[in-house]
Amino acid sequence: MTVEEWLALDTTESKSKKGYAHFDVRTSMRMKKEYILDPENIAHHGFYPFIHYSKKQIKYSKKRGKKVKERDICYASHIDRCIYQYYSFLLGERYNRRVAENEISQCAVAYRTDLRQSNIHFAKRAIDFIRANAPCYVMIGDFTHFFDSLDHQYLKRQWCSLLERPELPRDHYQVFKSVTRYSTWELSDLLELNHLEDTRAGRKALNEKMTVLTPEQFKANKKHIQKHKEPFGIPQGSPISGLLANVYMLEVDKEIHDLVANLNGLYMRYSDDFIVVLPDAGASTHEMFRDISARFNAVEGLKLEPEKTQYFRFENQVLENCGLEFGVPSEEQRRHINFLGFTFDGKHVSIRAKTIGKYYYRMYSKAKTIRRNRGKGRQVSASNLYALYSCKGARGYYIKRKDGKTKRKSGNFLSYVGRAKGVFGKDELINRDTRRHMGKIKKAIQGNRT
């Protein structure tokens, strides 16, 4: 795809102009095209600090209940975001060509612009391969603090390799510096400087401003800027971070793929989650898994997450965790394969329990709010709850904006369930846990949680 074709895409414009407030005014690729496409401008561009906040993710399960996990998010200024978007496109085109040349195009499947498939398709491909190659062994896992651990010098070498240059061009080097020697400004501090509370209402009020600070306020409060001084780690949340993670893994992806392919196996990686499937070859299969682990851990900044690295054996529709053979303590072993949001128990595929738990947790929280407000004499409509969490909103729904106009949303979680069922087929248990959602919603609104 040429730059002109990429710029002509409707998604480029919609993705580049964002509704949030930052240190600069809102802009878009169309408005800044001439500036961004000139490498000399980027070579001298001064990047703003990222705005940082910790995103709380609520994980819910029947056994362990609610668990709150925090994830660091950094979002770029409007002009910087457009620059990252453009350089992500440039690197992405080269990356797609490189993996095709290396015959590993189906290996790293996240943050790709050419595969045109989702995690649903990738999960199905992995599970289909397991079924078709029984008896086999399966290794799944991820890496400890992946984005926070990427070594800067190793990333630079991979970046140079992708460009086939001994050194980064000045514009690329400026972009590289901006995601390795980056600075952040806490969202909570910006709210306080604007005399706003750190609540949803406060954040909404901040994002309605033209900029989060005036130029005078920015200069007077530079003490709030925190510089990232470690020789490792890139910010999560920028449009280029995911692509850089793939660039970082180019060599080891090729290495692992070739090892596995020689044994007629499968290696697939989705960001920091990966799966390896090997036909059962006895002791040599065990040695191969140990070799794969060693090769991952030998890469600067990469370390396998011990608790999430699991080993299974599959034969005759029976899935057995064999982690003890690889030193995984029995209390850390999982009964089923969980990959890209789906669970495989040896016989059927279903949506992962944690994903279902999150869906119902949010639904019950919304229903609780409706009940609480009605108890105060306020009649709150449940239409929004049905739009977000029922089949009524699965085909799309409308919300009313602040200006009185309506905006169409493309669907909800049940839309995703429907797409997954269509890909995996009717014989799987994809919609098992959401089949009776309407009854549960009605009971939740009435106060009878099941």
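Guide: Helices here are DSSP runs of H or I with at least four residues, strands are E runs of at least two, and both are numbered from the N terminus. Thr309 is found in the loop between α15 and β8 (310-315). This is a predicted model, in which local features need pLDDT of at least 70 and side-chain atom pairs count only at pLDDT 80 or more, while totals for chains, interfaces and linings use all residues. Residues are numbered from 1 along each chain as its sequence is written, and side-chain values use heavy atoms, with hydrogens and water left out.

Visitor: Why is Thr309 called buried?

Guide: Buried means under 20% relative accessible area, exposed means over 50%, and partly exposed lies in between (1.4 Å probe, protein chains only). Thr309 has 6% relative accessibility, so it counts as buried.

Visitor: Which residues does Thr309 touch, not counting those up to four places away in sequence?

Guide: Contact means heavy atoms within 4.5 Å. On that test, Thr309 touches Met139, Ile140, Gly141, Leu304 and Val328. As for Ile275, it is 34 residues from Thr309 along the chain, and the two C-alpha atoms are separated by 9.7 Å.

Visitor: What makes Lys156 count as buried?

Guide: Its relative accessible area is 18%, so Lys156 is buried. The residue is found in helix α8 (residues 152-163). Leaving aside neighbours within four places in sequence, Lys156 is in contact with Glu167, Leu168, Tyr173 and Phe176.

Visitor: How do you know that helix α13 is largely enclosed by the rest of the structure?

Guide: Count the residues of α13 (residues 241-248): eight of the eight are buried, so the helix is largely enclosed. They are Ser241, Gly242, Leu243, Leu244, Ala245, Asn246, Val247 and Tyr248.

Visitor: Which elements do the buried residues of α13 pack against?

Guide: They pack against the helices α5 (78-101), α7 (146-149), α8, α9 (170-180) and α14 (250-261). Strand β6 (266-270) is also on that list.

Visitor: What makes Arg295 and Asp291 a salt bridge?

Guide: A salt bridge is a side-chain nitrogen of Lys or Arg within 4 Å of a carboxyl oxygen of Asp or Glu. The N to O distance for Arg295 and Asp291 is 3.0 Å, and their side chains meet in a salt bridge. The two residues are four apart in helix α15 (residues 283-298), so about one helical turn separates them. Arg295 is partly exposed at 27%, and Asp291 is partly exposed at 27%. Glu255 joins them in a network of salt bridges.

Visitor: How many salt bridges does the structure hold?

Guide: It holds 16. Side chains of opposite charge can pair when their charged atoms come close. One of the bridges links Arg112 and Asp114, with the closest N and O atoms 3.1 Å apart. Arg112 is buried at 13%, whereas Asp114 is partly exposed at 28%. Another joins Arg432 and Asp433 at 3.6 Å, N to O. Arg432 is partly exposed at 38%, and Asp433 is partly exposed at 27%.

Visitor: Which residues form the positive surface patch?

Guide: Lys and Arg count as positive and Asp and Glu as negative, with His and the chain ends not counted. Patch residues have over 30% relative accessible area and no salt bridge; like charges are joined within 9 Å, and nonpolar side chains (Val, Leu, Ile, Met, Phe, Trp, Tyr) within 5 Å. The positive patch is formed by Lys55, Lys69, Arg71, Arg334, Lys354 and Arg362. Arg362 sits in helix α16. Its relative accessibility is 48%, so Arg362 counts as partly exposed.

Visitor: What makes the phi of Tyr111 worth a look?

Guide: Most residues other than glycine have a negative phi, and most peptide bonds are trans. Tyr111 has a positive phi near 60° and is not a glycine. Tyr111 lies in the loop between α5 and α6 and is partly exposed at 41%. Asn264 also has a positive phi, about 60°, without being a glycine. Asn264 is in the loop between α14 and β6. At 57%, Asn264 is exposed.

Visitor: Where is a cis peptide bond found?

Guide: The cis bond joins Ala134 and Pro135, with omega about -5°. Pro135 is in the loop between α6 (119-132) and β3 (136-142).

How values were computed:
Accessible areas come from the Shrake-Rupley method with a 1.4 Å probe; for residues, only the protein chains shown count as cover. The place of a charge is taken as NZ of Lys, CZ of Arg, CG of Asp or CD of Glu.
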